[in-house]
Amino acid sequence: MTRLADEHGAINLAQGFPDFDAPEEIKEAARSAIERGVNQYPVTWGSPAFREAIAAKYARFGFEGIDPETEVVVTCGSTEAMAAAFLALVDPDDEVLLLEPFYENYGPDSRLSGATVRIVRLTRPGWALDAERVAAAVTTRTRALVVNTPHNPTGHVFDDGELSAIAEIADRHDLLVFTDEVYEHIVYDGHAHRSIAQLPGMRERTVTISALSKTYSVTGWRVGWAIADAPLMASIRKVHDFLTVAAAAPLQEAGVTAMSLPQEYYDELSSSYEERRDVFLSGLAETGLGFSIPQGAYYTLVDVGTLREALGARDDVDVCRELVLRAGVAAVPGSSFFAAPSDGRDLIRLAFPKRVDTLREATARLASFVESLGVRS
C-alpha cells in the first residue's frame with residue numbers, strides 16, 4: 001500500500017510511520033557516534049551502555065530488577081525480537097495462541113517455528129479480552145500466548161483485569177507469554193500501559209519486547225530489544241546471533257540518549273498523539289463510517305462494509321486500491337489481521353502518526369469520496 005500510495009501521490013495512512021522527524025538530540029547522538037568511529041560490530045546481544053540504559057529506563061517506569069548482563073538482547077527492531085523468541089522457545093507441533101485481530105507478523109512467526117496457530121477472537125465493539133475464550137483454547141500442546149498492548153490494529157489497551165486473567169491462565173497451564181509493547185508510551189484518556197511481566201509469577205515466563213521505532217519516531221532505524229529471565233534469554237540470544245548478529249552500532253549509542261529523555265518527553269508524546277487522534281476521529285466521523293476509538297497506539301479499524309458494496313468491490317483489498325486511486329488515501333486491508341481473510345473483508349486500518357494538517361486533509365478526502373458515492377453507515 002505504501003508503494004501504491006507513493007506511485008499515485010496518495011496520503012499514506014497505511015504503514016505506521018510518522019511524517020514528522022525524530023527528536024534532534026537523538027539524531028545528533030547518532031551522528032556523533034558515527035563521527036567517533038562507532039561503526040564496527042558491537043557485542044552481539046547489544047552494547048553494554050545501551051543494555052544498561054534499557055534496564056535503567058524500565059526501572060524508572062516501575063519495571064525494576066532487570067539484569068542487563070543476562071536478561072536483555074538488542075535486536076533489529078521488535079520484529080526480529082519476536083521472531084527470535086518464537087524460534088528459540090517454541091518447538092515444532094507446539095501450539096501458540098494469537099488474540100485476533102493480530103499484527104500480521106505473528107502468524108508467520110508461528111509457522112516459521114513449526115507451531116500450530118490457535119485463534120482467540122477479541123470481543124467487539126471494544127476489542128476486549130474474553131478470558132473464558134482464552135482458557136477454552138488452551139490444550140496440552142499449548143506453549144505460548146502473544147499479547148500486544150497497546151494493540152495494533154485496534155488501539156485497545158489491556159487493563160489490569162485482562163492482564164491478570166492472562167497471567168492466571170499462563171501460570172495454571174505453564175505457558176510462556178510473548179508481549180509486544182512497542183506502543184507503550186502512546187496511551188489516551190487516562191489509560192495506562194502495564195507490562196504483564198510485572199505481575200506476580202510472570203517474570204520467569206514472559207518475553208517483553210519493544211523498540212525505539214514508535215516512541216522516538218525512528219521506525220527506519222530498526223533497533224529493538226527483548227527482556228526475559230536469564231534461562232529464556234540465553235536461548236533467545238543464540239537465535240538472535242544467527243539471525244542478524246547485531247543491531248546497528250551507532251544507532252544503539254543514540255538509543256542510550258533516547259532512554260535518558262525526561263518524563264516530560266513521554267508526557268508530550270502521549271498528549272500530542274491524543275490531539276492527533278481526536279482531530280482524526282472528528283474528521284473521520286464526517287464520513288459516516290463506523291470506527292474503533294483507540295485507547296492507545298495510533299490506529300483505528302474502520303468498517304467499510306457499506307462502502308465495499310457501493311463500490312462493487314470484492315473485498316477489503318479492492319476497497320483499499322480504490323481509496324488510493326479515487327480518494328487519494330492509503331489504508332491497510334483489514335484481512336491482514338485475521339487468520340481467515342474473509343473475517344476482515346469489511347475492515348480497513350488507518351494510521352494517524354501524521355501532522356495535524358495531513359490528517360485533516362486525509363479525512364476531508366475520505367468524506368468527499370464517501371459522499372460522492374452516497375454511502376452512509
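1. Ser-270 counts as buried, because its relative accessibility is 12% and the cut-off for buried is under 20%. The residue belongs to helix α10, which spans residues 263-285. The model is a predicted one.

2. A polar atom of the Ser-270 side chain lies 2.4 Å from the backbone oxygen of Val-187. Once neighbours within four places in sequence are set aside, the residues in contact with Ser-270 are His-185, Val-187 and Tyr-188.

3. On the nonpolar cores: the largest has 66 residues, and Leu-212 and Tyr-216 touch the most other members. Helix α10 supplies the largest share of this core, seven residues.

4. Tyr-216 has contacts beyond its neighbours within four places in sequence. These are Ala-22, Pro-23, Ile-26, Lys-57, Ala-258, Met-259, Leu-261, Tyr-265 and Tyr-266.

5. Helices α12 (residues 316-327) and α13 (residues 356-373) pack with their axes 10 Å apart, at an angle of about 100°. The two helices are therefore roughly perpendicular, since angles of 65 to 115 degrees fall in that class. On the α12 side the contact is made by Leu-323, Arg-326 and Ala-327, and on the α13 side by Arg-365, Leu-366, Phe-369 and Leu-373. By class, five of the residues in this contact are nonpolar and two are charged, with no polar residue.

Definitions and conventions: Residues are numbered from 1 along each chain as its sequence is written. This is a predicted model: local features need pLDDT of at least 70, side-chain atom pairs count only at pLDDT 80 or more; totals for chains, interfaces and linings use all residues. Side-chain values use heavy atoms; hydrogens and water are left out. Axes are lines fitted to C-alpha atoms, for helices over the stretch in contact, and angles run from 0 to 180 degrees between N-to-C directions. Helices (H or I, at least four residues) and strands (E, at least two) are DSSP runs, numbered from the N terminus. Angles under 35 degrees count as roughly parallel, over 145 as roughly antiparallel, 65 to 115 as roughly perpendicular and the rest as oblique. Contact means heavy atoms within 4.5 Å. Ala, Val, Leu, Ile, Met, Phe, Trp, Tyr, Cys and Pro count as nonpolar, Asp, Glu, Lys and Arg as charged, and the others, Gly among them, as polar. Buried means under 20% relative accessible area, exposed over 50%, partly exposed in between (1.4 Å probe, protein chains only). A polar contact is a pair of N or O atoms within 3.5 Å; within protein, one must be able to donate a hydrogen and the other to accept it, and residues adjacent in sequence count only if both atoms are side-chain atoms. A nonpolar core is a set of buried Ala, Val, Leu, Ile, Met, Phe, Trp, Tyr and Cys residues joined through side-chain atoms within 4.5 Å.
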